[in-house]
Amino acid sequence: MGSVDLLRFGAFLAVLALMLLWEAVRPYRPSSCQQRRWINLAFVLVNAAALRIFVPVLAVGVAIWAQQVGMGVFNRIALPAVVSVVTSIVALDLLVYWQHRMFHRVPMFWRFHAMHHSDIQFDTTTGLRFHPLEIILSMMLKMGAVALLGAPVVAVVVFEILLNASSLFNHGNVSFAKGVERRLRALVVTPDMHRIHHSIDDSEHHRNFGFLLSCWDRLFGSYCGESQQDPQQMPVGLARFRSQDEQSLVALLIQPFRA
């Protein structure tokens, strides 16, 4: 494991530990069925193995290669480093927003993304529950964007840390002090905003696609500020996948291939 991998893994463990502690101390809703949390955590290993086998270079490797051969916008245009880094992070977050919308609207991609939405509870481990084929496709799209942008290596590393951290954060089953969530939501996606995206109601789970910055949903007309249901009681997940038999690791892996 190289220094970049250690940095990313260390940041991931730190944020995960913080979110689990926050959920234990100040949960937003009561939580049960701890077994599903272990299953969600298992996807960290499953997806890491899938990437290692099928996409061994990853986005950081593409950024290094693009820099060496002079490929991409920021490797051809001389700009201050801070401009290149910040612009690359914002552009990659915009890519993730549109990728997320695509995964909801294209039936073939929705088959895989639906596994993420089939979690019948909502907590920080839900932010780890993605099908390995979705992770591989997402990485390939990210690698293409990094090459076209000529994104600096540091921008790619920072973005991947922020993306992992935001996924853990915005799926958190956590409470905020009064007024804090609204102020945070002006800049980043919060758990209260993203919880609506996991509503069992179709009209709500096809809204709020942002992961890091909250501005994209407002800008592109997909923002939903409040659920039509009581957020403390709002059912999450998908109507089709509610039984415990459909929540095992094997069942989740084969879920996209079922009729």
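**A conversation about the model**

Author: Asparagine 208 counts as buried, because its relative accessibility is 1%. Please keep in mind that this is a predicted model.

Reader: Where is asparagine 208 placed?

Author: Asparagine 208 is in the loop between H11 and H12.

Reader: And what is its phi, given that asparagine 208 is not a glycine?

Author: Asparagine 208 has a positive phi of about 55 degrees, although it is not a glycine.

Reader: What about leucine 212, where does that lie?

Author: Leucine 212 lies in the loop between helix H11, residues 202-205, and helix H12, residues 215-219.

Reader: Is leucine 212 buried or exposed?

Author: Leucine 212 has a relative accessible area of 14%, so it is buried.

Reader: Which residues does leucine 212 touch, leaving out those up to four places away in sequence?

Author: With those left out, leucine 212 touches Asp93, Leu162, Ser166, Leu187, Val188 and Val189.

Reader: And how far apart are leucine 212 and phenylalanine 159?

Author: In sequence, leucine 212 and phenylalanine 159 are 53 residues apart, while in space their C-alpha atoms are 9.6 Å apart.

Reader: Let us turn to asparagine 170. Which helix is it found in?

Author: Asparagine 170 is found in helix H8. Its relative accessible area is 0%, so asparagine 170 is buried.

Reader: What is in contact with asparagine 170, beyond its neighbours within four places in sequence?

Author: Phe122, Val189, Thr190, Pro191, His194 and Phe211 are in contact with asparagine 170.

Reader: Which side chain is joined to that of asparagine 170 by a polar contact?

Author: The side chain of histidine 171 is joined to that of asparagine 170 by a polar contact of 3.0 Å.

Reader: A change of topic: how many disulfides does the structure hold?

Author: The structure holds 0 disulfides. Cysteine 215 is in no disulfide, and the nearest cysteine sulfur, that of cysteine 224, is 17 Å away.

Reader: Which residues line the largest cavity?

Author: The largest cavity is lined by Arg8, Ala11, Phe12, Val15, Ile161, Asn164, Ala165 and Leu168. Two or more lining residues come from each of helix H1, residues 3-25, and helix H8, residues 153-170. The lining divides into 6 nonpolar residues, 1 polar and 1 charged.

Reader: And how much space lies in the largest pocket?

Author: About 1,100 Å³ of space lies in the largest pocket. It is lined by 36 residues, and those closest to its centre are Arg8, Asn47, Leu51, Ile135 and Asn164.

Reader: Which elements give two or more residues to that lining?

Author: They are H1, helix H2 (34-54), helix H5 (81-105), helix H7 (132-149) and H8. H2 gives the largest share, 8 residues.

Reader: How do the residues of the pocket lining divide into nonpolar, polar and charged?

Author: The lining of the largest pocket divides into 22 nonpolar, 8 polar and 6 charged residues.

Reader: Since H2 came up, what about alanine 48?

Author: Alanine 48 lies in helix H2. It counts as partly exposed, because its relative accessibility is 42%. Alanine 48 and isoleucine 136 are 88 residues apart in sequence, and 9.9 Å apart in space from C-alpha to C-alpha.

Reader: One more: where is glutamine 121 found?

Author: Glutamine 121 is found in the loop between helix H6, residues 107-117, and H7. Its relative accessible area is 16%, so glutamine 121 is buried. Leaving aside neighbours within four places in sequence, glutamine 121 is in contact with Ser31, Ser32, Cys33, Arg36, Thr126 and Val236.

Technical notes
Residues numbered from 1 in each chain as written. Predicted model: local features only at pLDDT ≥ 70, side-chain atom pairs only at ≥ 80, totals over all residues. Heavy atoms only, no water. Helix = DSSP H or I, 4+ residues; strand = E, 2+ residues; numbered from the N terminus. Buried < 20%, exposed > 50% of the residue type's maximum accessible area, 1.4 Å probe, protein only. Contact = heavy atoms within 4.5 Å. Disulfide = S-S within 2.5 Å. 1 Å grid on protein atoms, 1.4 Å probe; cavity = no way out; pocket = protein on both sides within 12 Å on 5 of 7 lines; lining within 4 Å. Nonpolar A, V, L, I, M, F, W, Y, C, P; charged D, E, K, R; others polar. Polar contact = N/O pair within 3.5 Å; in protein donor to acceptor, adjacent residues only side chain to side chain. Points joined across faces, edges and corners; volume = space filled by probe spheres on them.
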